[in-house]
Amino acid sequence: GVVTREDAEAMTRRVFDTLDAERRALADAHPAPTVNGQPAQPQAEAPSLPGGTAVPAARLREYNELLLEVPSDFRLNPKLARPMSRRRAQLDEPGGIDWAHAEILAFASILSDGVPIRLTGQDAERGTFSQRHLVLHNPENGATYTPLQELRTARAAFGLYNSPLSENAALGFEYGYSVQAPRVFVLWEAQFGDFANGGQVIIDQFISAALAKWDQHPALALLLPHGNEGQGPEHSSARLERFLQLAADGNMTIADCTTSAQYFHLLRAQALSLGSGVPRPLVLMTPKSLLRQPRSGSSLDDLATGGFRPVLDDQLGAEQRRAAERLILCSGKVWVDLMKGREERGGQAPVAIVRLEQLYPFPADELGEALGTYPALREVVWLQEE
């Protein structure tokens, strides 16, 4: 008899009114993603990416031009004008497409195929290493422009949000979003790979155990800047070994790409998996030092043909391949150091270098096929940074 039924109902109404007011205020402050300037509509059918992950060169050129357009009354930051305009010429340069360029072309193609994208992270709009610039800023009046949200070929919405430095909350929300919106390609990016530490409970208890424990099918992609970059014992390293220890029964895909084309095709493949029966989360070690590394650049043809390859074999000539007695397996950016070292060795006996781009599920068949092309092989070693 402390409160009446009417008192209790009034309390409930007050709480819901407060929450509703907050929801409306947030909606006004952060408009919903748009497609060609119009509010996005819910998608009725599962998405599909026609033709696999390769995208015809003509379509990529079209996307590239549309992404370089800005409104006539919008002044692009002068520091971005030159690198942005360079993207026209880079399509025709061998290895001219860098990491961020391949990423935005992948996003444009996925949106044009009708698959919505949601990307969040502590510095997702600009990119932690000032490489992405998906949101452009007018330095004169503070106005912003997001080319992917105005893409004329898009048939789905693009949502992009900078999240607070509360990884447990942010990653938990994106996990739930991926579960509840299975037709949306959801990506969460840690500003540095070690920021995943704050979301470790979500990774351990939900992402790795989604299917086995919770009967949920998230296709959430984690972009984790990885690699020992000389910034302390863990800063910028996503601790790849933690994820490998969590891998079992095909519960996730773990990859560490070394070229922008591989990244392009893997993003497309993950979006394609949304229409499959059991999509799996993607844990992707993304680089810092490879973002602008010439060896990691790709050509337009690399994006327009082929697909993601779990194993990248060496490009030795036939004679060198037959003579190679030693082969080094590696993953990630240490490949660049190996290539430099081999070039410095000059005419010494060839050492083959093979990259594992996908670490789980382990590509045993592809690796075996690659090893079988070295008839004189005597020694295989694994090399890593840590």
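How many bridges join strand E9 to E14, and do the two run parallel or antiparallel? In this predicted model, E9, which comprises residues 253-255, is joined to E14 by two bridges, and the strands run antiparallel. Within this pairing, Ala255 stands opposite Gln358 of E14.

This pair belongs to an open sheet of seven strands, arranged in the order E6-E3-E7-E8-E10-E9-E14, in which the pairing is mixed. Strand E6 (158-162) and strand E14 (358-360) each have a single partner strand and stand at the edges, so one side of each is left without a neighbour in the sheet. From one strand to the next, the twist averages 20°. Across strands E3 (117-121), E7 (185-189) and E8 (221-225) lies helix H5, made of residues 167-180, and its direction relative to E7 is about 170°.

Turning to other helices, H4 covers residues 99-112, and at 1.5 Å a residue its 14 residues should span 20 Å, which agrees with the 20 Å between its end C-alpha atoms. Because 14 of the 14 residues of H4 are buried, this helix is largely enclosed by the rest of the structure. After H4 comes Gly114, whose phi is positive, near 95°.

Helix H2 (residues 57-68) can be examined in the same way: at 1.5 Å a residue, its 12 residues should span 16 Å, and the 17 Å between its end C-alpha atoms agrees with this. The buried residues of H2 are Leu60, Tyr63, Asn64, Leu66, Leu67 and Leu68, and what covers them includes H4 together with helix H3 (78-90), helix H9 (260-272) and helix H10 (300-304).

Notes. Residues are numbered from 1 along each chain as its sequence is written. This is a predicted model: local features need pLDDT of at least 70, side-chain atom pairs count only at pLDDT 80 or more; totals for chains, interfaces and linings use all residues. Side-chain values use heavy atoms; hydrogens and water are left out. Helices (H or I, at least four residues) and strands (E, at least two) are DSSP runs, numbered from the N terminus. The expected span of a helix is 1.5 Å times one less than its number of residues. Buried means under 20% relative accessible area, exposed over 50%, partly exposed in between (1.4 Å probe, protein chains only). Two strands pair if DSSP finds at least two bridges between them. Axes are lines fitted to C-alpha atoms, for helices over the stretch in contact, and angles run from 0 to 180 degrees between N-to-C directions. Contact means heavy atoms within 4.5 Å.
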